[in-house]
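Welcome! Please take a moment to look over the sequence and the 3D view, and then let us walk through some of the features together.

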Amino acid sequence: MNALLNYQKNQIAANRKEYGIYYDQLKKTSYYRLMEADDERSSLISEIEGKVGYLSNGTKPFAHAVSPGCRLCGEGHWSCLFVNNYCNCKCFYCPTPQVDTSIPETQGITFYNPENYIRYIKKFGFKGVGLSGGEPLLTFATTIDFLSKIKKEFGNSVYVWMYTNGTLLDKEKAIKLADSGLDEIRFDLAATDYNTKYLKLALGKIPNITVEIPAIPEDIAQLKKMAIELDSLGVNYLNLHQMRLTPHNFNNLFNRNYTFLHGQKVTVLESELTALKIINFVFQHGLKLAVNYCSFHYKSHYQKVAVRKKAAVFVFNGQEEINQNGFIRILRLQGISMPLEALTKQLILLSPEGNGWQISHDREQIFLIKSLLLQLQLGEEPVFVDYRALIICERPLNEETEITVSELKQIFVVKETGRVSIQIEPKERESFCEIMEGRLPDNAMDLEELFNVTTKELPATGFAIYF
């Protein structure tokens, strides 16, 4: 477990760096409280065993069903378009400032008109679009322009939903959204103290009605009351998010005496337990309301995987592979204990050069794909592996691949640089190959190199470890 502990230490260091001197003010928990919380979580999960469903390798638990949009998100087939970056509500939990109407954008790429965005959807093969903000109803004409043209172009082949606090919704806007083809509307009822007044305006007009909110621990009584009301109204889905700390909401969350957990980002312990309690409540009271829990553990992994996979197909070559986590995997042999000529002779018997393997221009290393590596007799020859994430950007950086969206719109995909190669020694090679095949060997948690490989090769599963 030494490698796992080092990984956790690195994440703690990254969390500390993000918040600087304010980090030490956060309420962290003791080892015993973590064990207690883990036991509580296990108990909540065991109570719904056999009833609850799971998506994305057990990271997303749900009661009854999950909305089509959420499924597309987990499968990596959606694009989130921020119609604006301005909001009329000031929710304490909001992770980012919402102060600029801005230009519609996704992944930092701006779209001045729906036509270019539609070409972007086609280029990357998206099957779903979420219209977000800020508050999309603040720029209603822009929202309708994008929505109507997307649905006119794709019809039912692209599922479109919209996020809103609902406070600007009226009957006419609800009808206009429905007539423009909106498949689902998601209300943040926590922004309106769980008042369903505006939500009711969409009932019977927009096909799927969803409430999407953070699981706020101190509001659990209101959440239970709300779940009963939503069930009686015939609301389709309730999505509960885990609360997370950001520099923007730091003071607001800090003042609420939450317990903070480490990870890729700092999250709220009590928020996860609250979400699971609501799922339990739905089953205990025989409610038909579909509820799912969207943890940061799930979002930080599967949403990033989706972006990497969509971008990777444009830049990888015949001696590279895209693994299940969306990284470009680059395998190399350097002829350290076995001459490259001997390795080349083995490879020629398996496949001609250029078909899954290639000698570098300087003739000092061989690039090859996994299936060929597994067939080689390497003896004491080490294997080197690199993993490259992809960055999508609107302007060229260095050695990028240009993707033409339209005559007037180009975007760029560039391989991440600066990562250190992982050297796999002969004694670790069998375990390394197991990991590439999707299996977790017994020694993966002990050896630094193998653990680093698992974080790149194997998808997130289950719930995050509390630390």
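The largest nonpolar core has 96 residues, and those with the most contacts inside it are Leu177, Ile185, Ile213 and Leu238. Helix H10 (residues 269–284) gives the most to this core, with nine residues. A second, separate core of 29 residues includes Leu340, Leu343, Ala389 and Ile435. Here a nonpolar core is a set of buried Ala, Val, Leu, Ile, Met, Phe, Trp, Tyr and Cys residues joined through side-chain atoms within 4.5 Å. Buried means under 20% relative accessible area, exposed over 50%, and partly exposed in between (1.4 Å probe, protein chains only). Helices (H or I, at least four residues) and strands (E, at least two) are DSSP runs, numbered from the N terminus.

A word on the model itself: it is predicted, with local features needing pLDDT of at least 70 and side-chain atom pairs counting only at pLDDT 80 or more, while totals for chains, interfaces and linings use all residues. Residues are numbered from 1 along each chain as its sequence is written, and side-chain values use heavy atoms, with hydrogens and water left out.

What does Ile185 touch, not counting residues up to four places away in sequence? Its partners are Met162, Thr164, Leu169, Leu177, Ala202, Ile206, Asn208, Ile209 and Thr210. Contact means heavy atoms within 4.5 Å.

The table gives their axes, which are lines fitted to C-alpha atoms, for helices over the stretch in contact, with angles from 0 to 180 degrees between N-to-C directions.

| Helix pair | Axes come within | Crossing angle |
|---|---|---|
| H5 (residues 140–154) and H6 (residues 171–179) | 10 Å | roughly 20° |
| H4 (residues 114–124) and H5 | 10 Å | roughly 45° |

Angles under 35 degrees count as roughly parallel, over 145 as roughly antiparallel, 65 to 115 as roughly perpendicular and the rest as oblique. H5 and H6 are therefore roughly parallel to each other, whereas H4 and H5 are oblique. H5 passes H6 in a left-handed crossing, and H4 passes H5 in a right-handed one. A crossing is left-handed if the near helix is turned anticlockwise from the far one by less than a right angle, and right-handed if clockwise.

From H4, Pro114, Glu115, Tyr117, Ile118, Ile121 and Lys122 meet Asp145, Phe146, Lys149, Ile150, Glu153 and Phe154 in H5. By class, this contact of H4 with H5 has seven nonpolar, no polar and five charged residues. For these classes, Ala, Val, Leu, Ile, Met, Phe, Trp, Tyr, Cys and Pro count as nonpolar, Asp, Glu, Lys and Arg as charged, and the others, Gly among them, as polar.

A few backbone details are worth a visit. Most residues other than glycine have a negative phi, and most peptide bonds are trans. The peptide bond from Gly133 to Gly134 is cis, with omega near 10°, and Gly134 lies in the loop between strand E8 (128–132) and H5. Ser56 is not a glycine, yet has a positive phi of about 50°. You will find Ser56 in the loop between strand E1 (53–55) and strand E2 (60–63). Is Ser56 buried or exposed? Ser56 counts as buried, at 17% relative accessibility.

Finally, Gly74 is found in helix H3 (residues 68–75). Leaving aside neighbours within four places in sequence, Gly74 is in contact with Ser56, Tyr298 and Tyr302.
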